[in-house]
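Visitor: I'm new to reading protein models. Could you walk me through one?

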Amino acid sequence: MKDILNRMLNHEELSREEMKNILIGITQSEYPTEQITALLTALQMRGVTVDELLGFRDGILETGVPAILEADRYIDVVGTGGDRKNTFNISTTSCFVIAGAGYKVAKHGNYAATSVSGASNVIQHHGIKFTDDIDKLNRSLNEAGIVYLHAQLFAKAMKFVGPIRKALQFPTIFNLLGPLVNPSQPKCQLLGVANLDQMRLYNSVYQKIGIDYGIVNSIDGYDEISLTGDFKVTTNNYERIFKPSDLGFAIAKPEELVGGATEEEAAQIFDAVLENRALPAQKNIVLANAGFGIQVLEKGQKSIEECIEIARESIDSGAALRTFKKFVELNS
């Protein structure tokens, strides 16, 4: 580690293999806290490379618990978080709309870091018991079309750096890893990022991993399609800036996206969307995000307008709500 820190001071980049070995070393308590802190700080100041990010991803997946799912094609919809906008659970709600439309979903998530309610908060609020039991997970995927993978049960490496991350009080490479370490390693992913630098980074990462992806960013800083203004989408097939009106949506007001002041309020919005009684803006935002997720699953073969209509039918027909009720029944 002394040699690696000296190289970091010289602004050298580390290889994917070196980063993987460092991560494994961290889980085996090979390095003192001060050295790990120095490494994370140096990486953050210089900026993380694609191979460095992939090396830590390799290490987390190798030292974690795998989730081998009995489906070939399924999607995860996730945001990097950290946009500090405290939106309602847009990605999680979108996942149930996608599953309601007949697609398979493996949602990976955790408790909130910077908002009132993260994916795990809203799922747990409805009485779900988190599990890494592969038979239960596959039953949920097969019978409800969706499975929830609570990050803390799978990424065992994270507990070794938890206290350091808390003490540092600024984002580190681990904040970038969340969307990349779904233990089921899905072949499709829709990712929301908070800025265009992250979009470029993940675009290169996904190309190296070789999956079907969509990366979205609202130009005003939301890590999802917020419909509060223009947003950019990058996929395997195209890169484009959309206006809400391009998709037939009105511009949303920021206050219409807020997830509330409590976990209870966030859960009420989640329920309202699935029950088709949410504010028009709340429903539209979920339709937009679910629509682009469906387009990723369809390998870009369907237009975004078609995909949004598939999502709309999932909510309007009650299929999304039925999917969620089945999911609760199987996982409580």
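Guide: Helices (H or I, at least four residues) and strands (E, at least two) are DSSP runs, numbered from the N terminus. This is a predicted model, where local features need pLDDT of at least 70, side-chain atom pairs count only at pLDDT 80 or more, and totals for chains, interfaces and linings use all residues. Residues are numbered from 1 along each chain as its sequence is written, and side-chain values use heavy atoms, with hydrogens and water left out.

Visitor: Which residues are buried in α5?

Guide: Eleven of the eleven residues in α5 are buried, including Ile90, Phe96 and Ile98. Just after α5, Gly102 has a positive phi of about 100 degrees.

Visitor: What is Thr87 in contact with?

Guide: Contact means heavy atoms within 4.5 Å. Leaving aside neighbours within four places in sequence, Thr87 touches Tyr222, Glu224, Leu257, Val258 and Gly259. Thr87 sits in the loop between β1 (75-79) and α5 (90-100), and is buried at 12% relative accessible area.

Visitor: And how many residues has the largest nonpolar core?

Guide: A nonpolar core is a set of buried Ala, Val, Leu, Ile, Met, Phe, Trp, Tyr and Cys residues joined through side-chain atoms within 4.5 Å. The largest one here has 59 residues, and Ile98, Phe292 and Phe327 have the most contacts inside it. Its largest share, ten residues, comes from helix α12 (residues 280-297).

Note on methods:
Buried < 20%, exposed > 50% of the residue type's maximum accessible area, 1.4 Å probe, protein only.
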